[in-house]
Each structure stands twice: as structure tokens, then as C-alpha cells.
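This report describes selected side-chain contacts and their surroundings in one protein chain. Please consult the sequence and the model shown here while reading.

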Amino acid sequence: MKRFFALIMILFFSVPAFCESDNWLMNNLFEDGKAFSLDSVRELIILGAGSTVYGTDLILRSSIDKKEADVSSSSFDKNEINFFDRSFMQPYSPFLDTIGDVTLAFSFATPLICLTAGTTEHFTVSIMFGETILCAQGTKELLKFLVSRNRPYMYYDNYPSEAVENGDFAESFPSGHSTLAWASAVFTSYVFASYFPDSHWKLPVIMGSLSFAAGTSALRVASGNHFPTDVLTGALIGGFTGFLIPFLHKNSLYTKKGTRIDFVPVALGSSSGMGVNIRF
């Protein structure tokens, strides 16, 4: 899973190099785009926040090892599970597990539509998606480690032995697949709709990307990897991140009354943050 995450990140950060010319790095990093724009201070804040959360998780994992020894101290009584989650518990299914990986791959690929549909802000879109996945990935990984919830398949006899060996059996909450799938789907939907608000492809793109995310979440429950509350929480984390990151990069937002709202980076001495500029 982590290797797949790394490959996707490399792909999205390298795509702009093949899509734009004339020193695309400098031209796009400080140039306002049609729908979204980048700012060095804002990007440092977002990347710093995401890296801090992810780094905290990595530090904790390097200092605390959760593996086979934790199995003997865990209780696997189904009656201890809340009624809602217990009603949907399933034994492990390798086939459905693999299908869930495939649908996640498709979900991860949906933002490529925004890079190939006639937009010119390839670097901007790639950076935004990289920030989205970094923040979503870091958040869900840290929560997995801190909450330490046993997966549903551990309550059955056919659980995968490798999950016990690497400690993954105790990282059910929240669902990582759901988090990343919904982050990608909502990101794609929001960005595509911002670029092409009147396109007849807007609804198919939104429905298609959300369908992959929903299918991924359902398969994580059906395969015995997660409880419903795991995937619902993952969907909330991913969906919120997939909306928030591009929202913060919008050049300007207009209310129905014509009020203009701009998000601008603010630096005061050694402190920095985000400011809101409202014009009437």
C-alpha cells in the first residue's frame, strides 16, 4: 500500500514535466491560473502540516512495534463489537481484497482527467493533488496507529497470517483505501467542475469518480478488512481533504450577492498562516 502511494505521488509530480514547456516550474509556481493558483507561503504551510502529521506517524511506528505479540493480548469476541458494525462483519476474502485494490487504483487515476482534459495548469493541479494525498495519507496513518482497532477478519479463522506478522491486523480504523479513494474522487469532482462548469462531461466525471470511491469502500467491508464505521470515517477524512485543498487554491470565490472572497497567505515576523480577504 505504501509503495503504491509513493508511485502515485511520483507520477503526479512528474506529469507536468511532459505536459508543459518553457521552464514550467518557474512559470507555474508563481503565476496565477485561470481557476487555481499556487503561492510559495501557502504551499509551505500545507506541505509542512502534512509532513508533520506523516512524520509523527513514522516516528511513533519506529519506536513502538505492533506485531504478533499483540494478538495474544487482544479479545476477539464478536459481542464486543457494536451492533451496527457487527451486522456487516465478514470473513476475509482474498478475491474481494484484490478487487478493492483495483478500484482504488482507478480512483487514484481519476485526477489525471484534470490534466488531460484541456487544462493548462498541470503543475498547479499536480501540486494540489500531491498535497491532498499527503494530508489524507498522513492523517489516516496516524489515526490507524493511535486507535489500534482489530480488523473484522480477525474474528474468523481464515485471517491472513501476514497481517499478524506485520501488525496490519490492528489497523482497521480508519479505512486507508476509503480515505484515499474519496480524497481522489472529491478532488477530481471539484477541480473538473471548476475548470469546466458548463461541460456535458461534468456529471459523468463526478458520478464516475464517486462510484469508484463508493465501490472501494463497499469492497473493504465485503472483503472483511473493515467495519462500516472504518470506511465511513475514511470517506469523511478523504472527502474533506479532497475538497479543502483545492478550495484553498481557488483564485477567487463569489457569493450570490457578488461578494468576493480571497484566501491569501499571511506572514508576520516568524509566524505565518492563512488570511481571508472579503470585498463587497
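The model is a predicted one, in which local features need pLDDT of at least 70 and side-chain atom pairs count only at pLDDT 80 or more, while totals for chains, interfaces and linings use all residues. Residues are numbered from 1 along each chain as its sequence is written, and side-chain values use heavy atoms, with hydrogens and water left out.

The side chain of Glu-141 meets that of Arg-61 in a salt bridge, at 3.1 Å from N to O (a salt bridge is a side-chain nitrogen of Lys or Arg within 4 Å of a carboxyl oxygen of Asp or Glu). This pair links distant parts of the chain, with Glu-141 in helix 8 and Arg-61 in helix 3, 80 residues apart (helices are DSSP runs of H or I with at least four residues, numbered from the N terminus). Arg-61 is partly exposed, because its relative accessible area is 21%. Glu-141 also forms a salt bridge with Lys-140, where the closest N and O atoms are 2.5 Å apart; both Lys-140 and Glu-141 are buried. A network of salt bridges links Asp-57, Arg-61, Lys-140, Glu-141 and Glu-171.

## A further salt bridge

The structure has nine salt bridges by this rule. One of them joins Glu-43 to Arg-42, with 3.2 Å between the closest N and O atoms. Glu-43 and Arg-42 are both buried.

## Aromatic contacts

Which aromatic pairs involve Tyr-195? The structure holds 13 aromatic pairs (rings of Phe, Tyr and Trp, the last by its six-membered ring, pair if their centres lie within 6.5 Å; planes under 30 degrees apart count as stacked, over 60 as edge-to-face and the rest as tilted). Among them, Phe-36 and Tyr-195 form an edge-to-face pair, 5.5 Å from centre to centre and with 70° between the planes. Phe-36 lies in the loop between helix 2 (24-29) and helix 3, and Tyr-195 in helix 10 (residues 176-195), so the pair ties together parts that are 159 residues apart in sequence. Tyr-195 also pairs with Phe-196: the ring centres are 6.1 Å apart and the planes stand at 45°, so this pair is tilted.

Tyr-195 is buried, as its relative accessible area is 15%, whereas Phe-196, with a relative accessible area of 22%, is partly exposed. One aromatic cluster is formed by Phe-36, Tyr-190, Phe-192, Tyr-195, Phe-196, Phe-243 and Phe-247.

Gly-48 is placed in helix 3 (residues 40-63). It counts as partly exposed, because its relative accessibility is 31%. The C-alpha atoms of Gly-48 and Cys-135 are separated by 9.7 Å, although the two are 87 residues apart along the chain.

Asn-150 lies in the loop between helix 8 (122-147) and helix 9 (161-165). With 12% relative accessibility, Asn-150 counts as buried. Its C-alpha atom is separated by 5.7 Å from that of Phe-169, 19 residues apart along the chain.

Notes. Helices (H or I, at least four residues) and strands (E, at least two) are DSSP runs, numbered from the N terminus. Buried means under 20% relative accessible area, exposed over 50%, partly exposed in between (1.4 Å probe, protein chains only).
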